[in-house]
Amino acid sequence: MRTTLNLSEALAAEAKRRAASEGRTLTSLIEEALRDRLARSETPAAAQPLPTFGDPSTSRFLVDIDDRDALWEALDEGHGR
C-alpha cells in the first residue's frame with residue numbers, strides 16, 4: 001500500500017541516515033518501527049493509582065475523582081454555586 005507521511009525534516013533525515021547505515025530502505029525501517037510500537041500498545045500498562053494530597057482531618061477536603069458525583073459537588077462548591 002502506498003501512503004504519504006508528513007515527517008519533520010530532521011526526523012526524516014535521521015531515519016534516512018539510519019536506514020542507509022543499516023543497508024536497508026527507509027520503508028523497511030519505518031515498517032519495523034511501526035510494528036514494534038503497535039506490538040507494545042497491545043498490552044497496555046496497568047493503570048497506576050493517582051496520588052492523593054491533603055489531610056482529611058483538616059478543613060481542606062479530599063475528593064475521590066473516581067466518584068463523579070463527589071467530584072462535581074467539590075467543583076460546584078469551589079465556584080460558589
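From the N terminus on, the chain's elements run α-α-α.

Me: What am I looking at, and how are residues numbered?
Reply: This is a predicted model, where local features need pLDDT of at least 70, side-chain atom pairs count only at pLDDT 80 or more, and totals for chains, interfaces and linings use all residues. Numbering starts from 1 along each chain as its sequence is written, and side-chain values use heavy atoms, with hydrogens and water left out.

Me: OK, how many helices and strands are there?
Reply: The protein chain has 3 helices and 0 strands.

Me: How much of the chain is buried?
Reply: Buried residues make up 6% of the 81 residues. Buried means under 20% relative accessible area, exposed means over 50%, and partly exposed is in between (1.4 Å probe, protein chains only).

Me: Switching topic: how many salt bridges are there?
Reply: A search of the whole structure finds 2. A salt bridge is a side-chain nitrogen of Lys or Arg within 4 Å of a carboxyl oxygen of Asp or Glu.

Me: Which residues does Arg24 pair with?
Reply: Arg24 meets Glu22 in a salt bridge at 3.0 Å, N to O, and Arg24 forms another with Glu32, where the closest N and O atoms are 2.6 Å apart.

Me: Where does Glu32 sit?
Reply: Glu32 is in helix 2.

Me: Is Glu32 buried, exposed or partly exposed, and why?
Reply: Glu32 counts as partly exposed because its relative accessibility is 36%. Glu22 is partly exposed too, at 39%, and Arg24 is partly exposed at 26%.

Me: Now the largest pocket. How much space is in there?
Reply: About 570 Å³. On a 1 Å grid over the protein atoms alone, a pocket is an open set of points where a 1.4 Å probe fits, with protein on both sides within 12 Å along at least five of seven lines; lining residues have an atom within 4 Å of a point. The volume is the space filled by probe spheres set on the points, which are joined across faces, edges and corners.

Me: Which lining residues are closest to its centre?
Reply: Of the 18 residues that line the largest pocket, Leu5, Leu26, Thr27, Ile30 and Glu31 are closest to the centre.

Me: And which helix gives the largest share of the lining?
Reply: Helix 2 does, with 7 residues. Helix 1 (9-21) and helix 2 (26-41) each supply at least two.

Technical notes. Helices (H or I, at least four residues) and strands (E, at least two) are DSSP runs, numbered from the N terminus.
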